[in-house]
Amino acid sequence: MSNLADTLAGKFIVIDGPDGAGKTTQAKLLAEFLTNSGLDVQRIRDPGGTAIGDEIRTILLDNRHHRMNVQCELMLYMASRAQLAQEIIAPALAAGKCVLGDRYISSTIAYQGAGGADVEAITQAARIAVGTVMPDLTVILDIDSEIGLARAAREGQADRIESKQIEYHRKVRELFLCQAQSDPHHFAVIPADGSIDQIQLQLRDTLQTWNWT
Ligand code: TMP
């Protein structure tokens, strides 16, 4: 195992950020790189990632549910996450795997926070849902809201959250950056307007140089 693989064994890393930032592509490339470095990587998707969570994800993203209120959204995201934390993340970390997540609590603070939910209430709900199963590092891939939404739109039909107004998405971005600013020991920000390769190199560099203690 390489030094990086040694360092990242048993660590929980989340890649998060506004829609269209390229999280999923970057998480896939990073997982391949880390696996090739000799690390046992467990990828997760939030919302979803378990049989129960995948059903909750379908309800959350269904365009017919435009009347869903923000408290209902918040509880459903946390319900999906509670199952994911207990069924997949905690056992993987205990087995010394590196858990690589696509979104987590930082998304609820950004999206449902932008929708009007109180950030302190979200944090309390998260504590109930996942307890201490919290990321060691959350990397925010930061993208201008117009560019991100245009990219996401090119990838297919917009889901219920992506279909919201641009002002909402600007607020989402601001809340991601706010979290990073107020907790620099657990958050890193990488600009996501470069090429896929550039962003991937920056991501690897961040993991290599991060102070994990
Ligand atoms: P994804 O397609 O990037 O997996 O995310 C699905 C959508 O759900 C995306 O628009 C962001 C939104 N979302 C929230 O609103 N709150 C959350 O807690 C999470 C995890 C995602």
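Trainee: In β3, which residue is the bridge partner of V14?
Mentor: The model is predicted: local features need pLDDT of at least 70, side-chain atom pairs count only at pLDDT 80 or more, and totals for chains, interfaces and linings use all residues. Numbering starts from 1 along each chain as its sequence is written, and side-chain values use heavy atoms, with hydrogens and water left out. β1 and β3 (residues 98-102) run parallel, joined by 4 bridges; strands pair if DSSP finds at least two bridges between them. In β3, V14 is partnered by G101.

Trainee: In β4, which residue is the bridge partner of D16?
Mentor: Strands are DSSP runs (E, at least two residues), as are helices (H or I, at least four), numbered from the N terminus. β1 and β4 (residues 137-142) also run parallel, with 4 bridges. In β4, D16 is partnered by I140.

Trainee: Why is β1 largely enclosed by the rest of the structure?
Mentor: F12, V14 and D16 point one way from β1, I13 and I15 the other. All are buried (under 20% relative accessible area, 1.4 Å probe, protein chains only). β1 is largely enclosed because its buried residues number 5 of the 5.

Trainee: How many residues line the largest pocket?
Mentor: A pocket is an open set of points on a 1 Å grid over the protein atoms alone, where a 1.4 Å probe fits, with protein on both sides within 12 Å along at least five of seven lines; lining residues have an atom within 4 Å of a point. Nearest the centre of the largest pocket lie D19, K23, T24, R103 and E162. Elements giving two or more lining residues include α2, β2 (41-45) and α4 (70-94). The lining residues number 37.

Trainee: What is the volume of the second largest pocket?
Mentor: The second largest pocket is lined by 16 residues, with I105, I109, M134, D183 and F187 nearest its centre. α5, α6 (119-130) and α8 (166-182) each give two or more of them. Volume is the space filled by probe spheres set on grid points joined across faces, edges and corners. For this pocket, the volume is about 330 Å³.

Terms used:
Buried < 20%, exposed > 50% of the residue type's maximum accessible area, 1.4 Å probe, protein only.
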